[in-house]
Amino acid sequence: MTKLVTLTIDGMQVSVPEGTLVVDAAKKIGIEIPVFCYHPKMEPVGMCRMCLVEIGRPVIDRSTGQPVLEDDGSPKIQFSPNLETACTTPVGAGMVVLGATEKARSGREDIIEFLLTSHPLDCPICDKGGECPLQNLTIKYGSGQSRYLYDEKKHFVKHVSLGELIFLDRERCIQCGRCVRFQSEIVDDPVIGFFHRGRALEIVTYSNPGFDSYFSGNTTDICPVGALTTADFRFGARPWELNKAASICNHCPVGCNLTMNVRREAASGGDWVVKRVMPRQNESVNEIWVCDKGRFGYHFAASSSNDQTSFKRLSQPLVRKNAGSDHPGELVPASWDEALSVVSERFAEAGDGLLALAGGRLANEDLFNLKQLTTTLGGEAVLYTHMAGGELTTQLGIQPGSDIGTMGQGDAILVVACDLMEEAPIWWLRVKQAAERGSQLIILNSRSTKLDQAAAFVLRYPFGAETSAVLAMLNALSEKRLRLPEAVQVLERDPTLQAAAEVFSGANNALIMYGSDCIGLTESQALAQACANLLDATGHVGRPNNGLLGVWPRANDQGAWELGFQTQTKLEDALGAAAALYIVAADPAGDDPTYLGQSGFGGKAFVVVQDLYLTQTARLADVVLPAQSWIERDGSFTSGERRAQRFYPVIPPRTAPVSRAESPSTNKAPLLIAGDEVMESPLPDFAITAMITLRIDSEARITASSAARVFNQMAETVPAFSDQTYLELAQVHEQWPIVGRDDLYYGGTSYENTGGLGMQLALNTSDTPSTTRLAGTTVEFIRMPKLGQIAFPIARLYDRGKTLMPSQLLHERIGEPYIVLNVNDAEMLRIQDGDVVHMTVANREPDSPDRVTTGQTVVVQARLDQELPERVVLVPRSFGIPIDKPTPVEIRRTE
Amino acid sequence: MSKYPAGENNSYILLRQRAIPDLDNLDIYRQHGGFTVLEKAITSMKPDEVIEVVKGSGLRGRGGAGFPTGLKWSFIDKDNWPHYVVANADESEPGTFKDREIMEGNPYQFLEGIAICAYAIQSSAAYIYLRGEFWQISANLDRHIEALGVAGLLGDNLFGSDYSLHIYTHLGAGAYICGEETALLESMGGKLGQPRLRPPFPPSFGLFGKPTVVNNVETLTNVPPIVERGAEWYRTMGTEKSSGPKIFSLSGRVSRPGNYELPLGTTFRELIYEHGGGIPNGRSIKAIMAAGASSALIVANDEALDTPMDYESVPALGAQLGSASVIVIDDSISIPWLINKTTHFFKHESCGKCTPCREGTYWMMHLTDRIANANATQEDVALLHAVASQIRGKCLCALGEFSIEPVLSGIERFKADFDTAVSETNNN
Ligand SMILES: Cc1cc2nc3c(=O)[nH]c(=O)nc-3n(C[C@H](O)[C@H](O)[C@H](O)COP(=O)(O)O)c2cc1C
Ligand code: SF4
Ligand code: SF4
Ligand code: SF4
Ligand code: FES
């Protein structure tokens, strides 16, 4: 236990742990000490001098070591002649801090006056106005009058772009250094810095593209003035015009808590429009940060049917009509009633021939109802993913009480086959910080990733040998040694691996995070099994901060695993064999035309697609059902840390016709009245599925009425959710640091969490015991072909997926489709860096890995890499290149 | 006879090249006893004994703050290794040009001082941080360091011991703030030259985060004679609390500006009139800046002129001795003009890290511009005083605090000059 120190601040006694800074001690008891440069997540620097206080310390008699007493017996306190900075001074026993005195107050007034001499005071056109610490503190400590001559102000050209995402107004910058320190101290992306000195000091970016960091948007939250603004929000709205709603990021399994700011706009026909996405504090998930994908990648959900781009949203059900023997007919608008009756009839007919294929961006409630439907009919519920092993995470995953933020000395984290920065940036940050706190970070991968810099052990395995590599660690710890392929024997003998294995085994707590870097479904299943075996053998299961954590490609894949969804290694066969297909939030045909088989999913199935857009798959469907995006409704997601978290309606369903009814008050905006027309508009996925099911079986235990009811039904049925209620997910407790109240100067504009911190799921212990569960792991290994290359899929945070492309402002960062080639291979193929090449994908059944048959061909740009082994080609996922597992390819230069 | 005479007139302890030609030649330096002190220290003294001698000598830092040198060395954290020595050769204070003369004329004594200091704190790497404009000196020092290596006086296993030392030079980019020791350390670490928050101080957290002694060039040059002749001998020079010789850089309106090596405690009158030859052109002395641009202006009356220049007496005049760069101001100079110069300097050199200095120097510059150019009113003078006062005591480092010294003392002690300046506004 840390020692507590008691001191007095403005007459109030407070006891805080030794080492606490005076400024934080004051915050804990609600006393305001204004700050600009200090931020509770960063080391103090004492730059702005705003936090001035008077500090007195007990006088100690040197000879006795005892405090000197006043006549009245109270300890004699000596005050230093100068004001001191509360942000740099640690508390001391018996210290007396005075922040409300005339002297302290005038010190702060002096600082504010200094800051304003250089400030443009353009609040009326400043995006920060209304939530600006400088503005707020000026109202409190500023003089009504300026003693500074206006024309002696320093001027800069305004609005310098630090890259296309973040803009800088140098006149507004108060040189607090928060942005620079955030980038170097917190996220280890020191791509911005101070240039010059004195009043000429300005923020510059060193990277190309400018401000090249996945975390850049956070600097706009902590910038205490309007110097840093996002390209997305600047000039977009004034903060006081905005409403807010709590949400959860839908882009990756971290499940960052968000607040979305919305307002109604005439330009959008009176619709509610999302103006920006802000982090919402959850110290166990994302603290007060989000990555730029979460911040800037919301447009897909907010797009509408008026959208003129290819991201035009579906507004009503479509049913295929007029099909003949020689022509496919066409999709025509239909009523929900009509569409649902067709669907329910055909599903009932299909019976156990129904295959529901669901995408991992669906909510728990959607997935649960889908599962209820397939259970009712005896069909199959399949998760559309390239990464397996989820059932192991429900059994050996992390459990309630787990929090990477609490891992440190004595703990270990093994990250395998994963590029955390690209797959789940906030986890990258949390794991890096755990390593900084003393956790032993072990990285197993076939190639270098940014996380390597934070690791205690970095181990490389040959491409395709991830499972063997984990087993090599297991071998290092056990008597019975599995025989491993030759290719990993070098690694197996590596003393670093031995040391890493021992550290892992001896750790108090240990996590394994596995991803899908360079692997597909089959490989990830084996890998997960090997990881589970390692955890089991080292006793790192069944306790908080221990277990297996999947770095899934989608935000709610974990939810799907918890609800019993399966994977399908031979998906195109399964699709072809099904009597009816219910494809929800997935676009297999768009991702890879091979899924269509010879004649569109085998040709005989009845295909229903439920989605936001008319996807490639939807174009082939018999019925298309329009779904609401997650921000148009409520529900819950389960994060990779097995935390069920609620999201709330942010905007009304996009295509709901806006009622023209006028509000009776002359001052109020028109009222939004949901009329009957809404029934022809998109509906929540869970509701659509429930309506279909109920039409098949009116007795079915399934509900369309509300996400809350679905959730509670789920809690009754699914053991993992049994400890939870929808209401409890909305509970919050006090978090440190305190952010988002009226003291924005302290933590920045990240929102306080009032919408719920979520709850972690209990482990699934009902399944078979661990012996059979963990029985065998087959050691397969992808051999390199004698001819041609093997393409390995990698993740890029910014991809060309359908949930990101609608965010225009990210297009420059996303870039065009590309592949990465080894330099020697490239030389042989006469390919130079930047050349456009043809890549031909082999048959999707690489039974014989050496066989390269002609498949689809894509035209991509080639990038060269010195480090890649020969014959290895890296291919980014979701870039329109149909590679989701190691796949033989042929590459040739485009003549 | 020792190579170091007692500090009488024209008998040099620091600027010995003035008496011995070609002292920047290693052979000549050795002929005059060079590096025997280092040898003595390494072969016959324990590191702590060296520190004790320096402590006993009463040597105080010559870089400006006058901090006891031996005490600083004894603060070095012995639980954290390695240790470093950094010689501060940034010499950027306007009116200070003593370190330059030492490094040009008597470089080996300086290097020997570094080596003894390094031995005392058991550091095997020492750095010399020179202001960017000293590139020629830096190149020369590199040659001298090389010569020492060749002569076996620097490098591994010195004098057959297991003690090794290497010395490196490092050029700054010419920023005044990089003379401040923590900004200097940042700059050496490849970062922006801005002061660090203290504590921790360099002896516990210095170069590359390791315990470091930072000393001024002149301070280190005092070390070989102290270790050779002992603390007692050293204390025979100077005053009780300010012992030893000091190089006074004399400039401004004097007949013979230049460096004068004199015992601490020499009076202003002796320096300016005996050594400096008094005020030229029949002018009379008006003010003295004892610490370069960072000085409060001393009204040059008889009392002031008879004040001994040491670390106790100058503060009694409401000023500082600093690095003892004595700038003489005669009666032809208008104080508003003078503080306009100093304020421009500080505005230009403010690193910008903290608000009061960054904004305050900028504001003061505008005010002094207008006052000096007869474009201001009494209110502006009062405002200038207020602005300077509100900078006071709030800065992160001493630069900001220095910047207000000439301003406040100028307005308070030379009010008439400001009245004149303002009255000219009305005539405009
Ligand atoms: C703004 C500023 C500039 C300084 N410039 C120098 C300098 O140029 N040379 C120097 O030796 N010390 C300079 N100092 C003092 C150093 O911070 C430090 O006190 C000194 O190098 C310690 O050495 P000493 O104890 O031998 O004097 C400066 C201090 C400040 C605040
Ligand atoms: S841009 Fe903002 S956060 Fe960065 S230094 Fe300036 S005021 Fe501080
Ligand atoms: S880290 Fe993941 S969940 Fe968090 S904001 Fe980024 S994409 Fe969204
Ligand atoms: S006082 Fe001036 S030089 Fe020193 S830290 Fe502050 S701004 Fe920089
Ligand atoms: S100096 Fe304390 S908040 Fe900036």
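Student: Why is A:Glu109 called partly exposed?

Tutor: The relative accessible area of A:Glu109 is 28%, and partly exposed covers what lies between buried (under 20%) and exposed (over 50%), with a 1.4 Å probe and protein chains only, so A:Glu109 falls into the middle class. This is a predicted model, in which local features need pLDDT of at least 70 and side-chain atom pairs count only at pLDDT 80 or more, whereas totals for chains, interfaces and linings use all residues. Residues are numbered from 1 along each chain as its sequence is written, chains are lettered from A and ligands numbered from 1 in the order in which they are written, and side-chain values use heavy atoms, with hydrogens and water left out.

Student: What makes the contact between A:Arg105 and A:Glu109 a salt bridge?

Tutor: The N to O distance between these two side chains is 3.0 Å, and a salt bridge asks for a side-chain nitrogen of Lys or Arg within 4 Å of a carboxyl oxygen of Asp or Glu, so the pair of A:Arg105 and A:Glu109 qualifies. Both residues sit in helix 2 (residues 102-117) of chain A, a DSSP run of H or I with at least four residues, and because they are 4 residues apart there, about one helical turn separates them. A:Arg105, with a relative accessible area of 32%, is likewise partly exposed.

Student: How do you know that the salt bridge of A:Arg430 and A:Glu287 ties together parts that are apart in sequence?

Tutor: Their side chains meet at 3.0 Å, N to O, yet A:Arg430 belongs to helix 12 (residues 425-436) of chain A, while A:Glu287 lies in the loop between strand 14 (271-279; a strand is a DSSP run of E with at least two residues) and helix 6 (292-296), so the pair connects parts 143 residues apart. A:Arg430, at 2% relative accessible area, is buried, and A:Glu287, at 7%, is buried too.

Student: Which class does B:Asp331 fall into, buried or partly exposed?

Tutor: B:Asp331 has 36% relative accessibility, so it counts as partly exposed, as does B:Arg283 at 40%. The two form a salt bridge in which the closest N and O atoms are 3.2 Å apart.

Student: How do you know that the radius of gyration of chain B agrees with that of a compact globule?

Tutor: The rule, applied to C-alpha atoms, is 2.2 Å times the number of residues to the power 0.38; for 428 residues a compact globule would have a value near 22 Å, and because chain B has 22 Å, the two agree. The C-alpha trace of chain B spans about 75 × 45 × 35 Å along its principal axes, and buried residues make up 62% of the chain.
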